[in-house]
Amino acid sequence: PEAAEAQMKVGDIYFQQMEKPDRDPANAVHAEEEYRTMLEQFPDSPLIPRAKQKLRDVQEVLAQRQFEIGEYYASRENYAAGIARLQTVADSYPLFSKSDQTLITIGDSYAVEAQKMAQARLPVKAKAELVRYYNDQAAAAWDRVVTRYPLAPHVEDAKDRLIAMGRGIPEPSAQALAERSE
């Protein structure tokens, strides 16, 4: 029991020293590592619920950092860099409070890239393939909003974008509905 408590305290020390998302993430990264170690090494500890919540709080800060950077790149029309940062958020932090907005921005960025490719001077076949690829990626991001985050604030935006593309609206999974209504 003392070992689990000591491990938790190490995580807590880093947690208390964490900075805001726009500052140095080193302590947040260390806190995440320590809480993960706690969960892996002491799965039967009574401190596990607290460790899970602290890990969730740390990951929210780390996700917010990547989200802000991705949004910045997208706002500066550096869509490739924005997509890379935001895709990291979407893949690594599925419980992030702004997951729906993250996916909307990813989809919007891909849609703009598709429009750029449609105007580019490229061989017809290559242009068509690129436009289709970018539009498919945009639709996949918006689909994910609807299926994974059905009660999120931006789900209607995702549906509107899919309809504008002429794509069908997917049904949210029963698991996603159950998770989000808890």
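Predicted model: local features only at pLDDT ≥ 70, side-chain atom pairs only at ≥ 80, totals over all residues.

Numbering runs from 1 along each chain as its sequence is written, and side-chain values use heavy atoms, with hydrogens and water left out.

**The cavity.** Select Glu19, Lys20, Pro21, Arg23, Asp24, Pro25, Ala28, Val61, Leu62 and Arg65, which line the largest cavity. A cavity here is a set of points on a 1 Å grid over the protein atoms alone where a 1.4 Å probe fits but cannot get out, and lining residues have an atom within 4 Å of a point. Its volume is about 40 Å³, as the space filled by probe spheres set on the points, which are joined across faces, edges and corners. Colour by type and you get five nonpolar, no polar and five charged residues (Ala, Val, Leu and Pro count as nonpolar, Asp, Glu, Lys and Arg as charged).

**The rings.** Next pick Tyr110, Tyr133 and Tyr134, which form one aromatic cluster (rings pair if their centres lie within 6.5 Å).

**Charge over ring.** Now show Lys54 and Phe15: the charged end of Lys54 sits over the Phe15 ring, 4.0 Å from its centre (NZ within 6 Å of the ring centre and within 35 degrees of the ring normal).

Finally, zoom to Ser45. Is Ser45 buried or exposed? Ser45 is buried, at 13% relative accessible area (buried means under 20%, exposed over 50%, with a 1.4 Å probe and protein chains only). Its side chain reaches the backbone nitrogen of Leu47 at 3.0 Å.

Notes: 1 Å grid on protein atoms, 1.4 Å probe; cavity = no way out; pocket = protein on both sides within 12 Å on 5 of 7 lines; lining within 4 Å. Phe/Tyr/Trp six-rings, centres within 6.5 Å; stacked < 30°, edge-to-face > 60°. Polar contact = N/O pair within 3.5 Å; in protein donor to acceptor, adjacent residues only side chain to side chain.
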